[in-house]
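User: Hello! I am new to this structure and would like to learn how its features get their labels. Could you show it to me and take me through a few of them?

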Number of protein chains: 2
Amino acid sequence: MVSDENSKKNKGDGKNQKAAPQKTHTPNKPEFHKKNNGKRKNNVKIDKKKIAKPSIKVMFLGGLNEIGKNITLFECNNDIFILDCGMAFPDGDMLGVDLVIPDFTYIEKNADRIKGIVLTHGHEDHIGSLPYLLKDQNFPIYGTALTLGLVGNRLKEHNLLYKTKMNEVKPGDVIKLGCMSVEFIHVNHSIPDAVAVAISSPAGTLVHTGDFKIDCTPTAGGMIDLARFASLGNEGVLALFADSTNADRAGYTMTEQKVNESFEVLFKRAEKSRIIIATFASNINRIQQIINCAHKFDRKVAFSGRSMINYITVAVELGYLDIPNNVVIDINLLNKYSSEKVVLITTGSQGEPMSALSRMAYSDHRKVEVGVGDFIIISANPIPGNEKTVGAVVDELLKLGCEVVYESMYEVHVSGHACQEELKLIQGLIKPKYFIPVHGEQKHLAKHAALAKAMGMESSNVFIGDVGSVIEINEDYMKELAKVQAGKIFVDGLGVGDVGSIVLRDRKHLGQDGLIIVVAGIDEYDGHVIKGPDIVSRGFVYVRESELLLDEIKKCALNALEDCYEDNITEWGVIKNRIKDEVSKLIYDRTRRNPMILPILMEV
Amino acid sequence: MVSDENSKKNKGDGKNQKAAPQKTHTPNKPEFHKKNNGKRKNNVKIDKKKIAKPSIKVMFLGGLNEIGKNITLFECNNDIFILDCGMAFPDGDMLGVDLVIPDFTYIEKNADRIKGIVLTHGHEDHIGSLPYLLKDQNFPIYGTALTLGLVGNRLKEHNLLYKTKMNEVKPGDVIKLGCMSVEFIHVNHSIPDAVAVAISSPAGTLVHTGDFKIDCTPTAGGMIDLARFASLGNEGVLALFADSTNADRAGYTMTEQKVNESFEVLFKRAEKSRIIIATFASNINRIQQIINCAHKFDRKVAFSGRSMINYITVAVELGYLDIPNNVVIDINLLNKYSSEKVVLITTGSQGEPMSALSRMAYSDHRKVEVGVGDFIIISANPIPGNEKTVGAVVDELLKLGCEVVYESMYEVHVSGHACQEELKLIQGLIKPKYFIPVHGEQKHLAKHAALAKAMGMESSNVFIGDVGSVIEINEDYMKELAKVQAGKIFVDGLGVGDVGSIVLRDRKHLGQDGLIIVVAGIDEYDGHVIKGPDIVSRGFVYVRESELLLDEIKKCALNALEDCYEDNITEWGVIKNRIKDEVSKLIYDRTRRNPMILPILMEV
């Protein structure tokens, strides 16, 4: 990895590159919310100097220094394609935000050069932003059958299905996207039909793993195509982009078969109890295992949760879920069967407040009442940040008298991502010249980079990027270019991008400290106070028990208004600020709080 | 554990108790926020029937089904004493709340019978509510030297020190509190000077462990006094109340010596780097280890963070921290020493936004700038709920180029609480007749109860309580009585209890969806609209980009007002509701959001 300047210096002398290794890891701060960095229009002209070798540019519009929102652009000559188009869930400080999507500015500005969107698998953090991109754009989509089935569902909801061209591919297929071609390679993950991609370009071959793990004995779909990775490695790979999600976990991710064994043990242990299992709706193979186990133990299966029903519908339609006859029952019939004869598969493994399992825990589910005699298995780990909500749901279920299997009590969950030994194996097979860890926070990227270095890769050949980063790679060098516009766009209800940092700052202020409104009527001729001031408060104190304080505030506001009148201050902005200052001071002195203060004046 | 009714039936026949075991774990819902449950005035008369044996009542005002806010009352004959008086940190949904304290109503109503407050150790979740209780009450306090030193600091801040009688005790001491006496027993924990208590009463002996672990090789203070627990067990213990915090962790908590070894390894590895270690300010022994290690490696030590300074000051004054000459330097002198010559000990191990380490991570610390060449050790685990903030701080430090040791990368932290094997050992030594797991959420209490049962204790002799629970214990039975008033009181700034569920609901609404104010002037004679309506919004949308929507809202509000005028509606409550309904409908239709809508009418 060399800086822009150095690469110029070295241009005539590419082979000396390694002699002057540069610091890979430039300390940098995240560039979120800054919409205008990298304004410089990207120059796509090909270097005409005779010695120039063809190069490929890679742009990260998401997925670096964050979990989710994976989207990467590959640009060679005049052609661009998009790899994945995911969303992210909001952090705790993004109040009221439903989801986070990438900033599509660069794509919109270069729409005519974009040859298509390639998808690695059907998880929301890889496909969830498609409806927002395709609202104003139209690019062909390439993906495997299940991925396209799930995308189709999404596009239908947004009334975009009719205009979008979806092209189904299979592992082994190669598609042409301008001067680049993309080969799909089967990998293991926590959703069926996941693929990695090998990108052939004039600059060389790049491999992007997508999300993956190595499971030599998966319950369906077959083992990851390591042989293809190996032969690509032998042919020569210029750069590897690899999933870092579990880069800080030692060892191997266990095989999904382990979960199978655990289910059998637990089904036996549950005996006469009703079994309720919460898991990710997208983990079709896990759901298949549960159905198989239920069938074996002569139990019927019902489903709960909207997204569970959606995923299962698509999976059944496309043949990814094989449900024996007379096993599935409608949830409305659940109570017609005795406890030992049923299994309920439900959403809510992350303790999401509105999910089916949470509703059961808080006795708020319309159809299922849980309690003594229920055996509940949470077949998932809490995603970081969800530990408390999952814990609270477990506590409530226990209080109701349920037996609950959670966290690492039994092996009822395995991750969908590769741990350190698997990551090393992939690197060892692919033997890339350059290595770029992707998908993860700084700690995952840094650890993944350290793994690569521990395997002998030079620091200068490893790049840790950020959202907006652009790198240019060819046989001789990998260099960082100026950033492109990129960041987080917030979706709140139907609004896309109309909630930004100012709105969030106000929400935080209102949420933490509440609100005081000072409303007064001012004489339109001489500016003295005719009506009020009246005080309205929300989220500040319990009003009925704080009358004295509210009276004080009223007097304070009146004094401020009268002072302004006496001082001949007529500009409303100044008067409002005076009220704000005086009332703030009083409230802070009395309560040590800082509610938002909104003076509203009316000329009468 | 028998129900009230059953115990009446069995009163003459106590020995049959075990023949009819009752369900221990009555499914119950948490009683938080309900201030008036258990209104029934507690009857303290002693049963006069001849066969009645003396009994003791135990009331849980906090610490069950929650982490923190530990406070328990022991009541025998006409005497009461309080064991610990802790605070809790607010959950994520308690917006703007600084801390949570117990509901003291029962204590206030029975103040004349309260003989004193006994403290097990100086952590905030055991002493933090004292200033709020002692503001209006005056009870003598009993505790070990360090505990009282920390309490003294707290009371001084609240100007309560002068009036509070503090009595220092040592392990082995016995104090008399009415008809009960309390013996202090040395235990290991993550703060020095922690004790368990053995309570002798006419009903028998009770043991409460406080917070504890078993460390046979602690770095200071000596091993827990297991011998005393053993001899109490041999003498006969009626009931054991034991710390459940780690009841869901298998095995043993490692000795603090392990951390010592890790520090030595890491100090060697840090070589030329500046070392910065974040840990809990109250973990005096950990800080001593770091100082010793720094001394050995010929490094100076500086401290950062207000609470760090406070704890260290008390610990040095009382002789709990032994600092060699010329080791400690002022933080202002830090930059005068080369990197390999200093260690900075700081707060912020939980990623708290305003803490010293967070400020360093976000380049906002006034005195310390971190980056390449800093070796940072987080010597603590994230408390559940803090995983994300700790993770974010680690990410920022990594981006700045620091080397960071965090989570379980090295053994740089051990818990202060006993794991399953230790819990079993204590139970095996004490051999109580009745067992009551305390300190923990439902999952911890349930797991601890299960451990006791696995050791042969009958279900009927184990009680899982809730905040407000009262149990009565004597030789023949343990029964649950009616609950007493108990719950969570919120402290926000100087306000205690003036933020309740309504204020929190409004804060949540404002924080999630923002605010729309509709303000209009109404003719005081005929009720038609003279001024406005004007629309003010905060935290809803970015106003400058949403003028069309705001115009629509204005028109909608005007229509509502005019409709009211035409319909001869003059009651302002009705008019306001009409505006709210109409504007809500419009906004939901256009945005799928539900901001708080506040119509403000002024008669002019």
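Analyst: Gladly! A residue is called buried under 20% relative accessible area, exposed over 50% and partly exposed in between, using a 1.4 Å probe and protein chains only. This is a predicted model, where local features need pLDDT of at least 70, side-chain atom pairs count only at pLDDT 80 or more, and totals for chains, interfaces and linings use all residues. Residues are numbered from 1 along each chain as its sequence is written, chains are lettered from A and ligands numbered from 1 in the order in which they are written, and side-chain values use heavy atoms, leaving out hydrogens and water.

User: Why is F81(A) called buried?

Analyst: The relative accessible area of F81(A) is 0%, and the limit is under 20%, so F81(A) counts as buried. F74(A) is also at 0%, and therefore buried.

User: What makes the rings of F74(A) and F81(A) a stacked pair?

Analyst: Rings of Phe, Tyr and Trp (its six-membered ring) pair if their centres lie within 6.5 Å; planes under 30 degrees apart count as stacked, over 60 as edge-to-face and the rest as tilted. Here the centres are 5.2 Å apart and the planes at 15 degrees, so F74(A) and F81(A) are stacked. In chain B, F74(B) and F81(B) also have 5.2 Å and 15 degrees, so they are stacked too.
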